[in-house]
Amino acid sequence: MNILYCGDKKMEKGLVLSVLSLSGHVKEPLHIYIMTMSLWANGRSYAPVSERTALFLEGNLREKNSESSVCLLDVSTDFQKRPPTANMNSRFTPYCMLRLYADLIPELPNRILYLDEDVLCRRDCSAFYYQAMEGREIAGVLDYYGKWFFRENPLHFDYLNSGVLLLNMKEIRRTRLFRRCRGLCQANRMFMPDQSALNRLAGSKKICNSKYNEQRKLHKDTVFQHFTTSFRFFPFFHMVTVKPWQIERMHEELRLTEYDDLLEEYQTFMAKMKGEKVTNIKRETTSI
């Protein structure tokens, strides 16, 4: 199973946690591709995902399946040649648009599942990964909030969340979808630029069940849970953003203990990688 992540060094916690969640539910070999880069933009310096993290991840995966692999892809040159000029200073880092450069990477296979680093796998995802994709560029789930405001077709919901996307790279290269998305990001400033460009320009989207990208609340059949920003109305209107590696906030604010075993594995992995003493998480009695 081929999996794609994109980001800089700051996303390593989420990357590790997401990959570990996959390895607990996918029995076949996992081939992890990580697109990253070095960048200086908006007065800030961004560092790439480290080779050390990639090597430790690969070692962990091969303990479970000797055929698994991790491939670190530096796309600094491609990005700098074709920067998304109009969106380099948005509220999102330039790394959110890295997935739009995937068609330039010959190492990437024709079928690959893109995941944001704040997505956890909770069940076997084979049915989503192996679905029919003939003539389709991307498959995904409707954005929980955006579907109401950003739909391209006024007659039905069609605005996908870009955090979990099955990519048909052969079709994407044929239609030049990513190339056109890069052009749009160069010329037009947009809210959530990568997601907006994909939804505006994709000609053959496939809309899947929400269990494959649950953005609001965990359900019994959830396959992928995506820890996005959500809105709460009680006791007052406010936004909530809790990431899965924020263990205390997962327990206290989300009252979520579903992933405690995974979080212990994650803490052990991070401690070993840093050469620190291994400690277990504090378990709570609350649950959803």
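Good morning. Strand 1 and strand 2 run parallel and are joined by five bridges; strands here are DSSP runs marked E of at least two residues, helices are runs of H or I of at least four, and both are numbered from the N terminus. Two strands count as paired if DSSP finds at least two bridges between them. Within this pair, Leu4 has Tyr33 of strand 2 as its bridge partner. The chain passes from strand 1 through helix 1 to strand 2, a β-α-β crossover that is right-handed; that is, with the strands pointing away from the viewer, the path from the first strand over the helix to the second runs clockwise.

A word on the source. This is a predicted model, in which local features need pLDDT of at least 70 and side-chain atom pairs count only at pLDDT 80 or more, while totals for chains, interfaces and linings use all residues. Residues are numbered from 1 along each chain as its sequence is written, and side-chain values use heavy atoms, leaving out hydrogens and water.

Strand 2 also pairs with strand 5, in parallel, through six bridges, and there Ile34 stands opposite Leu72. Strand 2 is largely enclosed by the rest of the structure, because five of its six residues are buried, meaning under 20% relative accessible area, with over 50% called exposed and the range between partly exposed (1.4 Å probe, protein chains only).

Seven strands form an open, mixed sheet in the order 5-2-1-6-9-8-10. Strand 5 (69–74) and strand 10 (205–207) are at the edges with a single partner strand each, so one side of each has no neighbour in the sheet.

How do the helices pack? Helix 1 and helix 2 meet at an angle of about 10 degrees, with axes 11 Å apart; axes are lines fitted to C-alpha atoms, for helices over the stretch in contact, and angles run from 0 to 180 degrees between N-to-C directions. The two helices are therefore roughly parallel, the term for angles under 35 degrees; over 145 is roughly antiparallel, 65 to 115 roughly perpendicular and the rest oblique.

Is Asn60 buried or exposed? Asn60 is buried, at a relative accessible area of 13%. Not counting residues up to four places away in sequence, Asn60 touches Leu20, Glu265 and Phe269. Thank you.

Key
Contact = heavy atoms within 4.5 Å.
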